[in-house]
Amino acid sequence: MEIKAAVIGSGIGEKHIQAIDELKFSNVKIICETDPKKIKILKKKYRNKVVTHRENDIFKDSSINLVSIASYDDFHYKQILKCIRYNKHIIVEKPMCLKLSQLKEIKKRLSKKKKIKLFSNLVLRVNNLFLDLKKKIKSKDIYFIEADYIWGRKNKLFGWRAKTKNYSITLGAGIHMIDLVNWLIDLKPMYANAFGSNKMTKNTTFKKNSFNVVILEYPKKILTKISSNCVAHYDHFHELKIFTKNATYINNLQGKFIYKDKKVIPLTRNYPDKKNRKKLIQNFIECIVKNSKKPIMQLKEQFDLMSICFAIEESLSKKRKVKINYI
Ligand SMILES: NC(=O)c1ccc[n+]([C@@H]2O[C@H](COP(=O)([O-])OP(=O)(O)OC[C@H]3O[C@@H](n4cnc5c(N)ncnc54)[C@H](O)[C@@H]3O)[C@@H](O)[C@H]2O)c1
C-alpha cells in the first residue's frame with residue numbers, strides 16, 4: 001500500500017512533511033496553507049508538490065489517503081470530520097479538538113468508520129531520555145511525580161492563540177506532560193484538582209489563564225502535579241521529577257540524573273532529542289500500511305488523554321476536585 005498524503009498548515013506541518021517524505025512508501029502530494037506569503041515560499045521550496053489555499057482540493061482528490069492536520073487548534077475538529085467523511089486517515093496535531101462535545105462526536109463518527117485511523121502527535125513518547133526512564137521506574141515504587149511543561153516562549157500566546165475561542169493551555173501545553181506521565185507509569189488518573197492564573201498576562205491580548213497547575217490522583221496511591229507554565233523566564237523545557245521508594249529521577253536545567261543514597265548518578269540518554277520526534281508519525285504510517293505493526297499510541301489512549309484535559313478545564317471552572325469521566 002502506498003500513502004499519498006496532504007498536510008494542512010506549514011508551521012510544525014513542515015516537520016510532518018519531512019517525516020512522511022522520509023519513508024519509502026509515503027509522500028506528501030498536497031500542502032494546504034492560507035498565508036499568501038508562505039504559499040510563495042512553499043511553491044519555491046516544494047516544486048514537485050501541489051501548494052493550495054483551498055482545503056477542498058485535498059478532500060476532492062481521491063488519491064489522497066492520509067491528511068496531516070497542523071492548522072490552528074480551532075480548525076482541527078472540522079477538518080477531522082471532513083477526513084472521516086472522505087475516508088482519509090488522520091494525523092492531527094494536539095489538541096484533537098477544543099470541546100468535550102466535539103471529542104464525543106469524533107469518537108462517534110470514527111466508530112462508524114473503523115477502517116480510518118487517527119493519531120495525535122504527542123511527541124514525548126519517542127524521546128530517548130524518557131524511553132530510558134520508562135524502563136528504569138516501576139509504578140509500585142512511585143508515590144509522587146512533578147511534571148512541568150515550561151514553555152519559555154510567552155510571546156507565542158499573543159498570536160493566533162489569543163484569538164482562538166476556547167484555546168486552553170492544558171490542551172496546548174500541559175497535554176504533553178499528562179501524556180508523558182500516563183505513558184511512563186502505564187496508568188490513568190481518577191481525579192483532577194486544578195488551579196489557574198492569568199497574573200502574568202492580565203493586561204495583554206491573551207485573556208485566558210497563562211499558568212495552571214493540577215493535582216492528578218492515580219491508582220496505586222500515586223499523586224502527580226502537572227503544570228502548564230506559559231509565562232516563565234526559562235528555556236522551553238519538559239521538567240520532570242519522579243519520586244520513588246529508593247531514588248529520585250530528575251530532568252531539569254541542571255541536567256538529567258538519578259539522586260540516590262546522597263549520590264548523583266548522571267543519565268546519559270538524549271534530551272530534548274528533537275530528531276526522534278518524527279518517529280511517532282512514521283510509526284503511525286507504518287501501522288496503516290502493515291496491520292501487524294505495534295502503534296506507539298492507541299486510539300483509546302488519545303481519547304483518554306483528551307478526557308483528562310477536559311476534566312481539568314471542568315475543575316478550573318467549578319473550582320473544585322472533579323472525577324474524570326472517560327468518554
Ligand atoms: N506536537 C507538538 O509538539 C506541537 C508543536 C507545535 C505546534 N503544535 C500544534 O500544531 C498546530 C499549528 O501550530 P504551529 O506552531 O505550527 O503554528 P504556526 O503559526 O507556526 O503555523 C501554523 C500554520 O498553519 C497555517 N494555517 C492555520 N490554519 C490553517 C488552515 N485552516 N488551512 C491552511 N493553513 C492553515 C497558518 O497560516 C500557519 O502558516 C497547533 O495546533 C499547535 O498546537 C504541536
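Residues are numbered from 1 along each chain as its sequence is written, and side-chain values use heavy atoms, with hydrogens and water left out. Because the model is predicted, local features need pLDDT of at least 70 and side-chain atom pairs count only at pLDDT 80 or more, whereas totals for chains, interfaces and linings use all residues.

The domain assignment, from an automatic or database source, gives domain 1 (3-120) and domain 2 (124-274 + 305-323), whose centres, taken over C-alpha atoms, are separated by 27 Å. In contact (heavy atoms within 4.5 Å) are 11 residues of domain 1 and 12 residues of domain 2. The area buried between domain 1 and domain 2 (accessible area, 1.4 Å probe, lost on putting the two parts together and summed over both) is about 1100 Å², with 73% given by carbon and sulfur atoms. On the side of domain 1 that touches domain 2, α4 (73-85) and α5 (100-112), both helices being DSSP runs of H or I with at least four residues, each supply at least two residues. The residues of this side comprise seven nonpolar, no polar and four charged, where Ala, Val, Leu, Ile, Met, Phe, Trp, Tyr, Cys and Pro count as nonpolar, Asp, Glu, Lys and Arg as charged, and the others, Gly among them, as polar.

Around the ligand there are 24 residues (a heavy atom within 4 Å), of which Ile-12, Glu-33, Lys-38, Asp-73 and Glu-93 come nearest. A polar backbone atom of Ile-12 is 2.7 Å from an oxygen atom of the ligand, while a polar side-chain atom of Glu-93 lies 2.8 Å from a ligand nitrogen atom.

Definitions and conventions
A polar contact is a pair of N or O atoms within 3.5 Å; within protein, one must be able to donate a hydrogen and the other to accept it, and residues adjacent in sequence count only if both atoms are side-chain atoms.
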